[in-house]
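Subject: Structure handover

Hello,

Here is the structure for you to look at. My notes follow below it.

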Amino acid sequence: TLAKTADGWQPRAVPAQITLSPGGTGPLATIGLHGAKVAVAWPLGALPAPRIAGASALYPQVLPGVDLRVSAGAEGIREVLIVADAKAAANPALRTLQFGVTGTGVTIKTTPDGALLAVDSKGQAVFGAETPTMWDSTSTVSADAAVAPDAAASPEADVNGLGVADRPAHGAKTATMPIRMNGSTAQLTPDQKLLGDPGTHY
């Protein structure tokens, strides 16, 4: 459950110090542990005030037809972009997403498969994020969810606009979005074939 603080919204009783944006131009999320800290910035202007439900903050209409949901828990944070329909998916802003990612006491790097790591001075990983994934709302068994590891600070895209889950359903169309770092910017390139496919279910 998220609780309101002077800085934003924070989950209760988790080992890391996590803060989600209350809206505006500050960091989208920060996560700290043992003196190390990572901040993630939303790249497309000021955020609206979020709607809070349990451990999730939903930032509505960060782009036309696109919501951003950030969840926070014991394993870190999880970001999901919810794209409502094909018109929203065609927005040029979704061709490349560039999140600011900065570290205090850690160095931000990527792995060969496009995952993200924040490592300390000894090269030990303090925080990490799996390679981001995007998916549609196709489901062959609606009650069965495909397993995907949680991410500590991983932007993901979900092209299902109908009360989506945090993971693709069994049978969903999926694509990975390897992270590329350019200075303090984490660049993700959504799969345009999946976004524009007439068979993609929103």
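Over which residues does pLDDT stay under 50? Residues 141-164. The model still has 88 contacts beyond four places in sequence for that stretch. pLDDT is the predictor's confidence in each residue, from 0 to 100, and a contact means heavy atoms within 4.5 Å. Where pLDDT is low, the predicted coordinates should not be read in detail.

Ground rules. This is a predicted model, so local features need pLDDT of at least 70 and side-chain atom pairs count only at pLDDT 80 or more, while totals for chains, interfaces and linings use all residues. Residues are numbered from 1 along each chain as its sequence is written, and side-chain values use heavy atoms, with hydrogens and water left out.

Overall figures

The mean pLDDT of the protein is 84. Of its residues, 86% reach 70 or more. The protein has two helices and 18 strands. Both are DSSP runs, numbered from the N terminus: helices are H or I with at least four residues, strands are E with at least two. Of the 202 residues, 46% count as buried. Buried means under 20% relative accessible area, exposed means over 50%, and partly exposed is in between (1.4 Å probe, protein chains only). The accessible surface comes to about 9,500 Å². Carbon and sulfur atoms hold 53% of that surface. The areas come from the Shrake-Rupley method with a 1.4 Å probe; for residues, only the protein chains shown count as cover. Take the contacts with a separation of 6 or more: residues 24 or more positions apart account for 54% of them.

Start with β7, residues 56-63. This strand is mostly covered, with seven of its eight residues buried. β7 pairs with β6 (residues 51-53) in the antiparallel sense, over three bridges. Two strands pair if DSSP finds at least two bridges between them. I52 has A57 in β7 as its bridge partner. β6 and β7 form a hairpin with two residues between them. G54 sits in that turn with a positive phi of about 65°.

β7 also pairs with β8 (residues 66-73), again antiparallel, over five bridges. L58 stands opposite R69 in β8. β7 and β8 form a hairpin too, with two residues between them. In this turn G65 has a positive phi of about 75°.

I82 is in β9, residues 76-83. I82 counts as buried because its relative accessibility is 10%. The C-alpha atoms of I82 and V62 are separated by 9.9 Å. Along the chain, I82 and V62 are 20 residues apart.

β10 covers residues 97-104 and pairs with β5 (residues 36-41). That pairing is antiparallel, over five bridges. V38 stands opposite G103 in β10. β10 also pairs with β18 (residues 185-188), antiparallel, over four bridges. There L97 stands opposite L188.

The open sheet

Three strands form an open sheet in the order β11-β12-β13, with antiparallel pairing. The edge strands are β11 (107-110) and β13 (125-129), and each pairs on one side only. From one strand to the next, the twist averages 20°. (Axes are lines fitted to C-alpha atoms, for helices over the stretch in contact; angles run from 0 to 180 degrees between N-to-C directions.) Four bridges join β11 to β12, residues 116-119. I108 stands opposite A118 in β12.

Two threonines

T19 is in β3, residues 17-20. T19 is buried, because its relative accessible area is 12%. A polar contact of 2.8 Å joins the side chains of T19 and Q10. A polar contact is a pair of N or O atoms within 3.5 Å; within protein, one must be able to donate a hydrogen and the other to accept it, and residues adjacent in sequence count only if both atoms are side-chain atoms. Beyond neighbours within four places in sequence, T19 is in contact with residues including D7, W9, L28 and T30.

T30 lies in β4, residues 29-33. Is T30 buried or exposed? T30 is buried, with a relative accessible area of 14%. Its contacts, again leaving aside neighbours within four places in sequence, are Q17, I18, T19, K37, V38 and A39.

Best regards
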